[in-house]
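Q: I have a model open and want to learn to read it. Where do we start?

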Amino acid sequence: MPLPPAKTPAPRQAASSCLSYDTLADAAKVTGFELAAPDAVDGYDTRTIQVVDDKMIQVTYTKGEDQLLIRKAAGAGDISGDYTEYAENNTVPVGSLSVLMKGEKGMVSVATWADGDSTFAVDAQDIPMTTDTMSAMIEKIQ
């Protein structure tokens, strides 16, 4: 009995390239820009540094299943990866920056801003922060 003809697999979108690095300086060599981010964040156990598609530096702080992400890329778009429609969207001054903070019930889940020719994001969906705590975090990021 002959075998049925083989099916052609459906085309897939190319996966993002995401490589880990030991230091932010090593990541900067790949992207061509530096990121200043905290070595540690209270309540989180580990820090991982990655470069996505040679264009974005991502620092992930992990506590069990919970994550806090800090991202930086060239340009001015939203790089948070969080496209949730939040009930609260507030533009908050942090130093000389104008930061869009999104969340619910007075807690911030994601913050995005641009500074010069770079765009930034902090994703705190797993453990949302107060506006003051998020602002203090942003002051440590460059």
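Q: What share of the 142 residues of the protein counts as buried?
A: Keep in mind that this model is predicted. Burial is judged by relative accessible area, with under 20% as the cut-off. Here 40% of the 142 residues count as buried. The protein exposes about 8800 Å². Carbon and sulfur atoms supply 50% of that area.

Q: Which pattern does the protein follow along the sequence?
A: Count the elements, then read their order. The protein has two helices and eight strands. Their order is β-α-β-β-β-β-β-β-β-α.

Q: How many aromatic pairs does the structure hold, and why is the pair of tryptophan 113 and phenylalanine 120 classed as it is?
A: Check ring centres, then planes. Planes under 30 degrees apart count as stacked. The structure holds one aromatic pair. The ring centres of tryptophan 113 and phenylalanine 120 are 5.2 Å apart and the planes lie at 0 degrees, so this pair is stacked.

Q: Are tryptophan 113 and phenylalanine 120 buried or exposed?
A: Apply the under 20% cut-off again. Tryptophan 113 has a relative accessible area of 5%, so it is buried. Phenylalanine 120 is buried too, at 3%.

Q: Where does glutamine 58 lie, and what does it touch?
A: Glutamine 58 sits in strand 3, residues 56-63. Its relative accessible area is 9%, so glutamine 58 is buried. Leaving out residues up to four places away in sequence, glutamine 58 touches Thr48, Ile49, Gln50, Leu69, Ile70 and Arg71. Its side chain also makes a polar contact of 3.5 Å with the side chain of threonine 60.

Note on methods: Residues are numbered from 1 along each chain as its sequence is written. This is a predicted model: local features need pLDDT of at least 70, side-chain atom pairs count only at pLDDT 80 or more; totals for chains, interfaces and linings use all residues. Side-chain values use heavy atoms; hydrogens and water are left out. Rings of Phe, Tyr and Trp (its six-membered ring) pair if their centres lie within 6.5 Å; planes under 30 degrees apart count as stacked, over 60 as edge-to-face and the rest as tilted. Buried means under 20% relative accessible area, exposed over 50%, partly exposed in between (1.4 Å probe, protein chains only). Helices (H or I, at least four residues) and strands (E, at least two) are DSSP runs, numbered from the N terminus. Accessible areas come from the Shrake-Rupley method with a 1.4 Å probe; for residues, only the protein chains shown count as cover. A polar contact is a pair of N or O atoms within 3.5 Å; within protein, one must be able to donate a hydrogen and the other to accept it, and residues adjacent in sequence count only if both atoms are side-chain atoms. Contact means heavy atoms within 4.5 Å.
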